[in-house]
Structures are given as structure tokens and as C-alpha cells.
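Hello,

Here is the structure I promised to hand over. Please open it alongside this email, and my notes follow below.

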Amino acid sequence: MCGIVGIVGAGAVNQLLYDGLTVLQHRGQDAAGIVTADERIHIRKNNGLVRDVFQRRHMIKLKGPLGIGHCRYPTAGTSSRDEAQPFYTNSPYGICLAHNGNLTNADELAELVIREDHRYLNTTSDSEVLLNVFAHELEQVDGEIPTPEHVFRAAEGIYRRCRGGYAIVALIMNTGIVGLRDPCGIRPLVIGCREVDGRREHMLASESVALDIAGFELLRDVMPGEAVFIDIEGGLHTRQCVPAERHSPCIFEYVYFARPDSIIDNISVYKSRLRMGEALADRILKLWPDHDIDVVIPVPDTSRTCALPLAHRLGVKYREGFIKNRYIGRTFIMPGQTLREKSVRRKLNAIDLEFRNKNVLIVDDSIVRGTTSRQIIEMAREAGARKVYFASAAPPVRYPNVYGIDMPAAAELIAHGRSEQEVQEHIGADWLVYQTLEDLVRAVQHDNATIREFDTSCFSGEYVTGDVTPEYLRRIEAMRADDVKVKRDGRHAGAPVAVEVI
């Protein structure tokens, strides 16, 4: 998962891009990058958090009224810094691109880009493949400076050639910023505007919270299969390049990834999580009407919103039993099982008084690999809990996610091939309850009846793009399992940066 942002402003946009990436940091903590443009292109990108990658000396050099930014954790490619985004190619015009998602036909497309488009790929990232596809398509049009019509024709080429889940922002030198969203709308992309000194500025971002922090008003979501082009004068141009196939936003955005103060596809993430808690409480009451739960304790931070209405509906106390060290990253998106295991206890500390001699229901947003859940339950027992029950606001994660979330290896998912009882025993809970998929969909769908379905592939095994085969799943599992990543990233850790950076 990654965070992307693009701005065409009336003045310098470097600080706006930095602020936008800061509030999107939860979407990727591996690397960050910003590209701005005036008479030339200015690039700064590196491994690390936004606050560490960009120092004052870098920000001063990021000049210009248009730019794009990216924060990353790797699902495709490696963690080496030469795969930090945005990517840049000089031909034609000078184009930079940042991408959130995953192309399901990246390998085949890379071969075609090299063999037929005669373009060179410097990394294994599917984002660089996307950049070169866009550059090749834009190269087919005539004109010294691309017009909106040229841009839309090039965008149609991306939609024709690329499959999977993706949201894209691209900067074209002396032209403007382009935004694209896959035909199923799996990955999110919103657009906002504001007036500054009589000039209209526009901003594209993964989540509406990035618009809020910069003072932009949310206009709407970029529609599936739509291209948005903001020219250097601030003019907004849009075209539905291909029909929306199945508007199916990723439901895991609402469960875990997105910030609760964001609105995605006209659905409040915060209210969705409140409804998840209510639905989960109703399920507990149905399965165990005479429960002996003394207290509900959330796993900070994403499950708080769900746990509060759950406790209220159960009629039991809600307490904060875990204190979080906010200087440790999100363990689910950390590369490597060993690093995840080490970081859980560094990240959380139990308050003994809230656990001692109590039957505790711990609430989390989901259970993916089970590492965090198992250690949290152990911490609760060490703090003196009499019994430890566990509730997941999401259904069992049984299948790989191939659209940009790091769940590629089925064998690493604790619920894959296991019953709920077996998962309960594996994580060491006295009782385990999952949300049903039907209840989860209803909880998220509530605000917007136009969203008829979601991408629920990691729960259901149904892939909305229709091109995910068992052979493809086996191939990405072989490429992206934790042990493979550790060996690969260790080997590439000292690789040089291909593009000169600030």
C-alpha cells in the first residue's frame, strides 16, 4: 500500500506536498519522494519516513508550482532505495509518475515494454512499467506540448494495456498533472480544490485527509476508468476513458488502512468502523448471549473506533489497556516476520490494572498473520487477565491480496487452511469471534447505496478483475514470501540510485 499526492498550485507546492505525505504516512513507511517542476524537474527521494527523507536543505531545492509525492512500502519490487518513487523518464517531454496499487500483468507488460516499445527498465517495480507505458503512449501523439486530448489518448493506452488495481499521479513537464484510477476503482483517489489570490489550485490524493490538512475542499472521488488532467494554468479537464467495469473499492481500506477521518467513495471511514463495532457486538450477543466479559480493550489505534460502540452495545466497560509507542511503525506493513515479531512488544505495553483478574475481550481490526494477536494475548495474560477473548472486526483473512496490499503468500495468513477454532488455538485465545463478510459489507456500504460491491478478495478469494489465476497466485507467492523478501532486500540494500536526487 502507498500514498500518493499531486498538486498544481499558484505558487510553490513543496510544503503542501510534504504535509500531504505526512498525513498519508500510515500508507507506507519504507520510502518517500517528492518531485516538483519549474523550468526544470527537482527530485528528492530516499528510504525512510517523510520527516527523515526531507530536511530543510532538500525542501529549499524543491521549487515550482506543480509536483507529485509518494510514500511507499513494497509489494512489488524490493525495498532498495532505487525503487523509491516517483520514477522519472526524460522522453518524451519529461514525465514523473507515482503509483499506489499493483499490476496483475506486470511481468508480461514489462516484456512488451522492452521488446516492442524499446524502452529500458532500471528496476523490478511495476510502477516503472506503468511510467514507461504512459511515456510510450504519450510519445505516439504529435505536438510540442501535450494538449488535454493528447493526455487522454495516452491514458486510454494505459487502461487498454494495464490490469490490476491502481491509482496514479503523473507530472508532465510544462504541461500539468494527470490522475488515473483503475476501471474497478479498487485503489482510492480523490480530487480537491481551493482559491488562492484569484487562482484555482487543484490537488489529487489517496485520501481526503490530505486535502483537509492543506486547506483544499473535497470535490469528489476520481471515478473508476476516469482520467483527470490539471493543466499548468489550473484548468481541470476530465474524461471517462473506459467504462467503469465494476465499481469495487477495496474493503480493507475501511477496515484498516485508511485514516478514520478520511472519506473514500463518499463513505466515511469513521462511521464504517462504528458500524463494524455494532455489528460485531450483535454477533457476540447472538453467539454468546450470557457472556462473562468484564471489559472491552482495543488494540490501538485502528480498532478503537470499532471497540467503543461494541462495548456500549454489550453493556460492558470500555478501557484503554494498551499504551502505544508512537515511534514504532505499523507492524502489519513491516517487511519480514522477524521484524514484525520484535516490534510488537516494543510498540505496545499493557496496563496491569485493566487486566488483572478480569475476563477481557480484546478487539482488533483484523487478524492477518496472527503474530501480533498471539503476542497481545500473551501480554494480557502476563498482565493478570483471568480469561482473554479476542474479536476481529473483519472476517478471516484466508486469501492473498494482489491489488497492492502486502498479503501475497497464502501460507503466511493464519486463517488460510484453518478453521476459526484452529485459529483460536493458534493465537492462544479462550474464545475467538470474527465479523461475518455480509455484516462487514453492510457496515461499509451504509452511506452510499451506489457502491454495490467491494473488493473482498482477501476474505472471499473472489478477484474482481477476473484475471487472477492459481498460476499467478503461485508465482507471486514465490516472489514475495517473507523469506524471499529478506534475502532479496539484503542483497540489494547497497544498490546505487539510478536517478540523481537532491
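Let me start with a helix pair. Helix H5 (residues 126–139) packs with helix H6 (residues 148–161) at an angle of about 135°, and their axes are 8 Å apart. Axes here are lines fitted to C-alpha atoms, for helices over the stretch in contact, and angles run from 0 to 180 degrees between N-to-C directions. Helices (H or I, at least four residues) and strands (E, at least two) are DSSP runs, numbered from the N terminus. H5 and H6 are therefore oblique to each other; angles under 35 degrees count as roughly parallel, over 145 as roughly antiparallel, 65 to 115 as roughly perpendicular and the rest as oblique.

On the H5 side, the contact (heavy atoms within 4.5 Å) is made by Leu-130, Val-133, Phe-134, His-136, Glu-137 and Leu-138. H6 contributes His-150, Val-151, Ala-154, Ala-155, Gly-157, Ile-158, Arg-160 and Arg-161. Sorted by class, the contact of H5 with H6 has eight nonpolar, three polar and three charged residues. In this scheme Ala, Val, Leu, Ile, Met, Phe, Trp, Tyr, Cys and Pro count as nonpolar, Asp, Glu, Lys and Arg as charged, and the others, Gly among them, as polar.

A word on provenance: this is a predicted model, in which local features need pLDDT of at least 70 and side-chain atom pairs count only at pLDDT 80 or more, while totals for chains, interfaces and linings use all residues. Residues are numbered from 1 along each chain as its sequence is written, and side-chain values use heavy atoms, with hydrogens and water left out.

Next, the cysteines. The structure holds zero disulfides, a disulfide being a pair of cysteine sulfur atoms within 2.5 Å. For Cys-162, the nearest cysteine sulfur is that of Cys-241, 13 Å away. Cys-162 is buried, with a relative accessible area of 4% (buried means under 20%, exposed over 50%, partly exposed in between, with a 1.4 Å probe and protein chains only). Cys-250 is also buried, at 1%, and its sulfur is 6.6 Å from the closest cysteine sulfur, in Cys-458, too far for a bond.

Finally, have a look at Gly-11, in the loop between strand S1 (2–8) and helix H1 (14–23). Gly-11 is partly exposed, at 30% relative accessibility. Its C-alpha atom is 7.0 Å from that of Gly-64, 53 residues apart along the chain. Not counting residues up to four places away in sequence, Gly-11 touches Gly-64, Pro-65 and Glu-201. As for H1, seven of its ten residues are buried, including Leu-16, Leu-17 and Tyr-18.

Best wishes
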